[in-house]
Amino acid sequence: MKKLMGIAVFCLFIVSCKDGKKKETATNNATKEITKENDSNFQITPIEHATAVFKWGNTTIYIDPVGGADMFKKQDEPDLILVTDIHGDHLNVETLEAINTKKTTIIAPQAVADKLSDNLKTKLTILNNDASVDFANIKITAIPMYNLREEAIKFHSKGRGNGYLLEKGEERVYFSGDTEDIPEMRALQNIDKAFICMNLPYTMTVKSAASAVLEFKPKQVYPYHYRGKPDVSDIAKFKQLVNDGNKDIEVIQLDWYPNASY
């Protein structure tokens, strides 16, 4: 009997050790996944259409905040606000006034600056096409954004608005603003994350957006600003065009229209 009990205890010990190893391995793998996920320490929260919140390390960045302060009640207060253009889906002075901007710097082109209140102008740094500025260890460069089609030039003329290139360490993030597949976009290099618009009649087609992405080859591309008038761009088609041309480019679709069925 003692011999049988000894064998049972030994078997139980072996099973326990195996289970312990499995649990240890699972824990280590989870840790690696978390570490990998947080390598760049960059987070994106889409708010709606052209509006988003970035968290990059300890810096909170609002892009084109519109829609009222309630749209941002779950977000940290902004350290930096980037405004791309004067249209209502990018610039809303009432929203900017309602957000807590006590610690905020606003970066915008001259055309946007001309429409800001005196209070907001005290927080403003004007950045026009091709100029750069440093903020909290992030280099911010204003990339041109404009239309190419003759019938669309009236929407976005060259020199008025800004796309933005953000660089921190070795990571480069591009936010297109309202634009077509302009040479300045196609000439970009070493982009890690690209946020690309596509809606007619105001910006560009899915095909043009995919063509530009295939030329400048970002590691990841996020389609955004894809609701047109009246149509919604075919994001699945965009993904197909990009991946048919280059399977190494990861297309990531986030919910930019949380209150809509698309």
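The questions and answers below walk through a predicted model of one protein, from its overall make-up to single residues.

In this predicted model, local features need pLDDT of at least 70 and side-chain atom pairs count only at pLDDT 80 or more, while totals for chains, interfaces and linings use all residues. Residues are numbered from 1 along each chain as its sequence is written, and side-chain values use heavy atoms, with hydrogens and water left out.

Me: How many helices and strands does the protein have?
Reply: Helices (H or I, at least four residues) and strands (E, at least two) are taken as DSSP runs and numbered from the N terminus. Counted in this way, the secondary structure comes to seven helices and 13 strands.

Me: What share of the residues of the protein counts as buried?
Reply: Accessible areas come from the Shrake-Rupley method with a 1.4 Å probe, and for residues only the protein chains shown count as cover. The protein exposes about 13900 Å², of which carbon and sulfur atoms supply 51%. Buried means under 20% relative accessible area and exposed means over 50%, with partly exposed in between (1.4 Å probe, protein chains only). Of the 262 residues, the share that counts as buried is 46%.

Me: In which order do the strands of the six-stranded open sheet lie?
Reply: Two strands are taken to pair if DSSP finds at least two bridges between them. In this open sheet of six strands the pairing is mixed, and the order is β1-β2-β3-β4-β5-β6.

Me: Which strands are the edge strands of that sheet?
Reply: Neighbouring strands of this sheet are turned by 20° against each other on average, direction ignored. An edge strand here pairs on one side only, and the two that do so are β1 (42-48) and β6 (124-126).

Me: Which residue of β4 stands opposite Tyr62?
Reply: Strand β3 (residues 59-63) pairs with strand β4 (residues 80-82) in the parallel sense, over three bridges. In β4, the residue opposite Tyr62 is Ile81.

Me: Which strands lie at the edges of the seven-stranded open sheet?
Reply: The seven strands of this open sheet follow the order β7-β8-β9-β10-β11-β12-β13, with mixed pairing. Pairing on one side only marks the edge strands, which are β7 (132-135) and β13 (250-251).

Me: Which residue of β9 is the bridge partner of Lys139?
Reply: β7 and β8 run antiparallel and are joined by four bridges, forming a hairpin with two residues between them, where Ala136 in the turn has a positive phi of about 50°. Within this pair, Lys139 of β8 is the bridge partner of Asp134. Strand β8 (residues 138-145) is also joined to strand β9 (residues 161-168), antiparallel, by seven bridges, and in β9 the partner of Lys139 is Glu167.

Me: Is Pro144 buried or exposed?
Reply: Pro144 is found in strand β8, and seven of the eight residues of β8 are buried, so this strand is largely enclosed by the rest of the structure. Contact means heavy atoms within 4.5 Å, and, leaving aside neighbours within four places in sequence, Pro144 is in contact with Asn129, Asp130, Gly163, Ile182 and Glu184. The relative accessibility of Pro144 is 4%, and this residue therefore counts as buried.

Me: Why do the buried residues of α6 line one face of the helix?
Reply: The buried residues of α6 are Val206, Ala209, Ala210, Ala212, Val213 and Phe216. The arc used here is that of the directions from the helix axis to the C-beta atoms. Seen down the axis of α6, these residues line one face because they fall within an arc of 160°.

Conventions: Axes are lines fitted to C-alpha atoms, for helices over the stretch in contact, and angles run from 0 to 180 degrees between N-to-C directions.
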